[in-house]
Amino acid sequence: MALGFIKKIFSFGKKEVDEVPAEAPAPALEAPVHPTIEQVYEDTTAQEALPVPGEAEPVETKFVEPVPVAEPAPVAAEPEPEPVLAPIVPETILAEPEPVVPPVEEELPIPFNAAEEPFEQTLAEALTPPVHVPEPVIDVPAPVEPVAPAKPASSKVTVTRTVEEKKAEEQVSAEPEKRLTWFERLRKGLARSSQQLGDSIGGIFTRRKLDEDTLQDLEDVLIQADLGMETAIRITGSLSATRYGKDISSEEVRTIMATEIEKVLGPVAKPLELDLSHKPHVILVVGVNGTGKTTTIGKLAAKLTAGGLSVMLAAGDTFRAAAIEQLHIWGKRTGAPVVSSKLGADAAGLAYDAWKQAKEAGSDVLIIDTAGRLQNRTELMDELAKIVRVLGKNDPEAPHTVLQTLDATTGQNALNQVEIFKNIAGVNGLVMTKLDGTARGGILVAISAKHKLPVYFIGVGEQVDDLEPFAAKDFAKAIAGVA
Ligand SMILES: Nc1nc2c(ncn2[C@@H]2O[C@H](COP(=O)(O)OP(=O)(O)OP(=O)(O)O)[C@@H](O)[C@H]2O)c(=O)[nH]1
């Protein structure tokens with residue numbers, strides 16, 4: 001409630017506050033396809049190199065055929081479907097920030113292992129109503145493009161996991177050879193982080209009393225684990241207050257550590273809420289190169305479409321042909337139409353056009369991909385600010401969600417990335433990717449303590465179901481290595 005974003009949702013819930021009625025687009029927005037772009041650009045700022053109408057790249061929209069699926073399984077008429085569900089895939093890349101944004105096209109490996117796991121099957125898993133899954137979810141055919149997706153009744157949609165989903169997951173994983181529960185996967189993903197931390201703590205607290213030296217050693221270990229000074233002091237302070245001068249085991253230390261980390265993460269572990277009175281609710285995805293923007297968009301689109309929402313994607317990364325192609329692949333997998341333009345086209349123009357198309361199509365959500373950029377590249381950051389301004393011409397409150405992806409493997413640099421993207425693009429939510437296999441998962445704690453921005457999701461792999469709503473307790477326990 002403390003967030004402007006959430007306030008916005010509630011004010012719209014009361015009724016239209018905007019000059020733009022929800023259903024009846026303002027006249028300017030309904031103007032023939034592209035002509036208003038010119039006006040927008042002229043308005044935006046005289047200094048910017050804005051595309052002249054004649055030069056504007058024609059935007060083409062591809063409507064993806066629904067993925068053929070067997071007979072739609074009779075879906076139990078659930079009264080109020082929670083718009084949520086499972087997930088998708090991707091590809092690997094840089095750890096250290098490498099200035100990129102190459103104008104030259106490079107071949108990007110497709111992040112989807114279709115050979116091993118056909119998307120239809122994966123998505124069917126995602127779509128299967130958990131409560132009705134007596135057998136492994138995989139075997140249950142489900143409609144990919146729901147005939148009549150149950151739309152959320154209210155204009156506020158929360159993207160989270162349902163209790164039923166969790167139960168179903170546990171049920172499934174209890175069977176032989178089944179997939180791990182989310183928590184098990186999280187633990188596995190954070191194993192390197194927690195193992196390293198556990199070993200270091202074990203080295204300090206082998207038959208030792210808690211004194212100044214051990215506290216100092218522990219503080220050093222916590223800082224080295226990227227948890228940040230603030231959290232390190234919080235943990236040692238808690239230990240000192242309750243156990244100073246006493247024997248303490250490394251297990252006890254890790255338990256207290258989990259408790260304190262959870263306190264830091266609790267306030268930022270919020271579900272992503274969508275204000276559907278906007279139609280489309282615009283999600284702009286930003287971040288440094290290779291942090292997982294496109295992949296996260298694909299995973300998120302899968303969740304939203306599975307929840308019955310109509311989603312449109314916009315390939316705003318106009319620098320790389322492979323990025324555009326990658327988004328089209330995700331569009332096909334999720335059944336979401338993709339708006340794209342030619343390589344090198346003006347990204348703000350593309351975003352503007354995409355909004356119009358989403359409006360005309362009556363899409364619930366428009367997710368816009370952007371080119372990766374380093375936070376110290378001023379001209380590229382300016383371009384990002386321009387995208388935000390141009391979107392505001394359509395809907396003064398757009399983009400409603402500015403999601404920044406952060407690569408956990410980059411460690412401390414992520415702190416700075418958030419600072420700059422927040423200032424330039426108004427980031428109001430985070431997704432941390434690549435928590436699988438990194439020893440630097442602690443950085444999420446430091447970021448949460450410093451920036452206090454909502455963390456909506458975390459990514460622990462490249463598969464469709466490797467994106468999950470962020471849960472403070474699960475994460476705290478997994479990184480501290482306690483049961
Ligand atoms: N292991 C792992 N890999 C991920 C995760 N999320 C994304 N990736 C991989 O990271 C690589 C980059 O992902 P992209 O989605 O292309 O990142 P991007 O930010 O769109 O990249 P640019 O367009 O170059 O800025 C791909 O190989 C993804 O498969 C994750 O949670 N875990």
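**Packing of α13 on α14 and two further sites**

In this predicted model, helix α13 (residues 347-361) and helix α14 (residues 378-394) approach until their axes come within 8 Å, crossing at roughly 25°. Angles under 35 degrees count as roughly parallel, so α13 is roughly parallel to α14. The crossing of α13 past α14 is right-handed.

The contact draws on residues from both helices. From α13 come A347, A348, A351, Y352 and W355. From α14 come E383, K386, I387, V390, L391, K393 and N394. By class, the residues of this α13 contact with α14 comprise eight nonpolar, one polar and three charged. Among the α14 residues in the contact are E383, K386 and K393, which count as charged because Glu and Lys belong to that class. N394 is also part of the α14 side.

A separate site is D275, located in strand β3 (residues 272-275). Around D275, 21 other C-beta atoms lie within 10 Å. The threshold for a buried residue is 20 or more, so D275 is buried. D275 and D364 are 89 residues apart along the chain. Their C-alpha atoms are separated by 9.0 Å.

An annotated segment was also examined. The unreviewed UniProt entry places the feature "domain: SRP54-type proteins GTP-binding" at residues 454-467. Over residues 454-467 the chain is 43% strand and 0% helix. The end C-alpha atoms of this segment are 16 Å apart.

Terms used: Residues numbered from 1 in each chain as written. Predicted model: local features only at pLDDT ≥ 70, side-chain atom pairs only at ≥ 80, totals over all residues. UniProt positions renumbered as here; feature names shortened; annotations may be inferred. Helix = DSSP H or I, 4+ residues; strand = E, 2+ residues; numbered from the N terminus. Axes fitted to C-alpha atoms, helices over the stretch in contact; angles between N-to-C directions. Parallel < 35°, antiparallel > 145°, perpendicular 65-115°, else oblique. Left-handed = near helix turned anticlockwise from the far one by under 90°. Contact = placed C-beta atoms within 7 Å. Buried ≥ 20, exposed ≤ 12 C-beta atoms within 10 Å, placed from the backbone.
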